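These are my notebook entries on a structure that I had not looked at before. I kept them in the order in which I looked things up.

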Amino acid sequence: MADGTELPLADGAIAKSQVDLIAKATDDIPSDREIYFISGLGADWRVFQRLRLEGYRPVHIRWEHPQRGESIEQYAQQLLEQVTGESPIFVGLSFGGLMAVEMAKLSNPAQVIVISGATTGEQIPAYFKLLRWLPLQCVLPLKQLLWAVYGVLAWLFGLKDPDDRSLFKQILMDTDPGFLKWAINRVVGWRNQVVPKNLVQIHGERDRVFPSGHRSADVVVPEGGHLMVLTRAEELSELLMAVLETTPATA
């Protein structure tokens with residue numbers, strides 16, 4: 001709350017139980033230039049686990065527990081405490097793209113790459129904006145609702161492979177409903193007009209979550225869905241490497 005009272009946690013702090021797993025998963029990756037990955041709404045580092053970026057070491061930003069009523073700008077400042085390198089590279093997915101933009105506005109990143117997300121308030125889909133006037137996210141039991149519409153969500157996220165759907169289901173199980181409600185409210189109210197320098201927006205042509213994002217994107221992936229970092233990881237790895245090399249990120 002505004003007085004400092006925290007929202008109740010689910011099973012432990014958000015994503016912090018995954019820290020050891022993250023370290024183990026990245027032990028074998030060359031420790032060169034760091035890239036800070038910011039996952040999507042309610043998701044975590046697992047959505048990036050199939051990406052391979054030679055010469056770069058992934059650092060996965062953990063979702064911290066927000067205070068009730070905390071602004072997205074305040075939360076961005078909180079997440080920046082996990083960033084240790086100068087002139088960092090941010091890669092944000094979906095809601096993580098919004099956070100990457102907000103973090104970039106408070107720092108001096110070498111590059112910002114937004115995947116399957118928005119860079120300004122105008123790019124937020126109309127169905128999100130409707131929740132400003134009909135705030136169902138504030139009254140409905142979100143976690144139960146996610147389970148009830150799991151099949152629809154898998155379709156929205158472009159998941160067909162059984163392994164992808166299984167991973168997505170596990171991520172839903174680990175989603176903290178308090179954080180999810182806070183994050184949805186921040187997406188609904190996001191009115192950003194500032195596009196940071198050195199930003200590249202990558203969007204799938206068939207993204208059903210942000211359906212019009214390809215119109216403003218710098219790079220459009222043909223037939224790409226919302227979670228193409230997972231479903232087409234090899235292709236996205238090559239694309240990210242090309243973006244990193246086209247706009248050099250100095251150490």
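**Sheet, strand 5.** I began with a pair of facing residues: I113 stands opposite V200 in strand 5. Before going on I noted that this is a predicted model, in which local features need pLDDT of at least 70 and side-chain atom pairs count only at pLDDT 80 or more, while totals for chains, interfaces and linings use all residues. I also noted that residues are numbered from 1 along each chain as its sequence is written, and that side-chain values use heavy atoms, with hydrogens and water left out.

Helices (H or I, at least four residues) and strands (E, at least two) are DSSP runs, numbered from the N terminus. Two strands count as paired if DSSP finds at least two bridges between them. By that rule, strand 4 (residues 111-115) pairs with strand 5 in the parallel sense over four bridges, and strand 5 is joined to strand 6 (residues 219-221), also in parallel, by three bridges. In strand 6, V220 is the bridge partner of H203.

I then asked how many of the six residues of strand 5 (residues 199-204) are buried. Buried means under 20% relative accessible area, exposed over 50%, and partly exposed in between, with a 1.4 Å probe and protein chains only. Six of the six are buried, so strand 5 is largely enclosed by the rest of the structure. L199, Q201 and H203 point one way and V200, I202 and G204 the other way, and all are buried. I recalled that in a regular strand the side chains alternate between the two faces of the sheet.

**Strand 4.** Strand 4 is mostly covered too, with five of its five residues buried: Q111, I113 and I115 lie on one side, and V112 and V114 on the other.

For contact I used heavy atoms within 4.5 Å; leaving out residues up to four places away in sequence, F90 touches, among others, Y36, L80, M103, P109, V112 and I113.

**Helix 2.** In helix 2 (residues 72-79), I72, Y75, A76 and L79 are buried. Seen down the helix axis, these buried residues fall within an arc of 105° (taken from the directions from the axis to the C-beta atoms), so they line one face of helix 2. They pack against helix 3 (95-105) and helix 8 (177-188).

**Helix 7.** Which residues of helix 7 are buried? I found D164, L167, F168, I171 and L172.

**L156.** Last, I looked at L156, which is found in helix 6 (residues 150-156) and counts as partly exposed because its relative accessibility is 25%. L156 and G225 are 69 residues apart in sequence, yet 8.3 Å apart in space, C-alpha to C-alpha. Leaving aside its neighbours within four places in sequence, L156 is in contact with R208, V209 and H226.
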